[in-house]
Each structure stands twice: as structure tokens, then as C-alpha cells.
Amino acid sequence: MSATYSQQAPAKINLFLHVTGKRNDGYHLLESLVCFTAAGDVVSGELRNDGKITLAVTGPMADALSNDHTNDNLVVRAARLLQEEANTELGADLILDKRLPVASGIGGGSADAAAAIHLLYDMWNLDLDGDRLSAIALSLGADVPVCLHGKATLMSGIGEKLTELPDLPPLPIVLINPGKPVSTPAIFKAREEDGFSDEGLWNIHTRYESGAALAADLQECGNDLTLAATSILPDICDVLNAMAREEGCLLARMSGSGATCFAIYDTATQAEKAANAIASQHENWWIVPTEIRCEQSQILSNIGAS
Ligand code: C5P
């Protein structure tokens, strides 16, 4: 029996997200402090020797994905690109355990693609240059390079410039999605008339001793997509208000282009209590108490940030 490989695909959180400009091709220049949570999808798989790539999707959010996994799923696209780049005749039977809501601002699809690259890199015993892996990642989506990196990172450009940060303190958080997907291009379009934030507003050298110290600094740096997202989906305001009302909430904010929001709580107990209290009032919301992961997840040593 062949070995089963498995790779976590952690949810990505934008602790802050500034839109600093727009490129001629329509993509926006961003500056964002990105970190990863213990909650996420899982990609697993077994080796095939005939070069074929198959994908089955399981898990509580599987129904939200199109049935045509063979062509449009980012996991399959990532696998095919890696296969081509490595010029290998090996293939894989992959399983995506979909636990994160789709189109929800926490990088689900990007995290899955990055996890597939990690997994197949191991399974196929590859030796590829980090720059080539990063280029494959970027061609799959602006958030895929940072997901490949997998730890607290200052991300800029459209997502291709990564600057490593000191580890963050343990942060108990709650993730909440109001159960409605939002379109990232629609959110960027809706903020078309808004101005741009300055670059370099975040002091990347600070090492934070506590969640409270980090949250205090984050008050200065918000998510520039929030206004546009709440104008399209007002439920996001309800989520943010519900999170902020609970005891111990240090910061409540939207991640990415929404609609998932996160709140940092002072203690894990408070995060659990908040999640339970909010869940009792909002049956249709996806609510997960979790934590920010500080360590790098089985990261390939040759994928680095400067
Ligand atoms: O690259 P990704 O698939 O994540 O982006 C989806 C869409 O979001 C893009 O087609 C673009 O409209 C918008 N986007 C953007 N600027 C970014 C990232 C995404 O305008 N930096």
C-alpha cells in the first residue's frame, strides 16, 4: 500500500490590509500583515505512477465548490503546474478536506493550492528553486505565495513581496463568517473611488510581548476594504459588532475582502466563551474559536522571505 501524505492548509488572516495603489493591469498594490491560524483545510494524497492527477473533495464545505474538480480547482491547477515545472511523470490521487468557507477572505483556495505544492513537493521528492515555486504560486493567485510561506509575514506588491516578521505572541481568536460568499473583484471595484493608504505605516521590527500590545498597534492600521465590503454585505457589520461586544475582545476586524471577520481575545477562555455566546444567537454563522499559529508549518527550506 502506498504512503498517504497530508498537509494542513491554514486559514490566512489579514491583521491589517492597506491598498496602496493600482497597477496598469487592474491589480491593486497592497500592504498587509498576514498570519495563519490553527484552523484550516487539509490536503492529503497518494502517489500515482501514471502522471494522472485526481481530486476528491470531502468535508463540511465541500458542497460550496463546483463539481468540476478536475479542471477549475486550484489544487489541481497547482498540481499540474508543479508537474510541468518539475517535468515529472508522477501523479497523485488527492483529497481536499474542505472545512473553511469558500470566497470568504481567509484564503481557503490559496491555502489549498499552497498546501498541494508542499505536499507534492514532498511526495514527488522534488528539488526546485524557491523562485520557481514562488512564480508558480503567484500565477495561481495573489495570496498563494504568502500561503506557501505560511508564517507571519508583511506582504506587499500584489502579494509577491514577502518580508518575514518576528514571531507573534500566541493569539486566541474567533473566526466568524455570516454564511454568504463575497466576490473579491466586486469589493475592489466598489472601493474604486477611495484613495490609497501610504506605504510603510507598519513598524516591522517590533516584537510584541502580548496580544494586547499587538492589538493596540493594529488600531492605527485597518482594513481598507471594509467599507466597500460592508456596503455590499451589511451582515459584516453585525459580525464585527457581535464580536466586539464580548468580554476580552481586543480587536475585531474583517480579513481580506471579507466576509470572514476575526476577533482577538485576551485569553483562550474568553475566545471560547465569545464563540459560544455568539453561536447561540446566530445559528447560520460559521463560528470557530482558534489561535494564530506562530511556527512555520513544515515549510520548505528554500521558500523564503527576505
Ligand atoms: O489573484 P486572486 O485570484 O486572489 O484575485 C482575484 C481578483 O481580486 C483579481 O482578479 C482582482 O480583480 C482582485 N485583486 C486585486 N488586487 C490584488 C488581489 C486581487 O485587484 N492584489
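How many nonpolar, polar and charged residues are in the lining of the largest pocket? That was my starting point, with a reminder to myself that this is a predicted model.

**Pocket, make-up.** I sorted the lining by class and got 21 nonpolar, 18 polar and 9 charged residues.

On the strand side I have β1 (4–22) and β2 (28–48). The helices are α1 (69–72), α2 (74–86), α3 (108–123) and α6 (184–190).

**Pocket, domains.** I then asked where the lining comes from by domain. Domain 1 (4–164) and domain 2 (171–293) each supply at least three of the lining residues.

**Whole chain.** I stepped back to the protein chain and counted 10 helices and 10 strands. Its radius of gyration is 19 Å, close to the 19 Å from the globule rule for 306 residues, so the chain is as compact as a globular protein of that length. For the box, I took the principal axes and found that the C-alpha atoms fill roughly 55 × 40 × 35 Å.

**Burial and contacts.** Of the 306 residues in the chain, 55% are buried. I also went through the contacts between residues at least 6 apart in sequence, and 75% of them join residues at least 24 apart.

Methods:
Residues are numbered from 1 along each chain as its sequence is written. This is a predicted model: local features need pLDDT of at least 70, side-chain atom pairs count only at pLDDT 80 or more; totals for chains, interfaces and linings use all residues. Side-chain values use heavy atoms; hydrogens and water are left out. Helices (H or I, at least four residues) and strands (E, at least two) are DSSP runs, numbered from the N terminus. Ala, Val, Leu, Ile, Met, Phe, Trp, Tyr, Cys and Pro count as nonpolar, Asp, Glu, Lys and Arg as charged, and the others, Gly among them, as polar. Domain bounds come from an automatic or database domain assignment. The radius of gyration is taken over C-alpha atoms; the globule rule is 2.2 Å times the number of residues to the power 0.38. Buried means under 20% relative accessible area, exposed over 50%, partly exposed in between (1.4 Å probe, protein chains only). Contact means heavy atoms within 4.5 Å.
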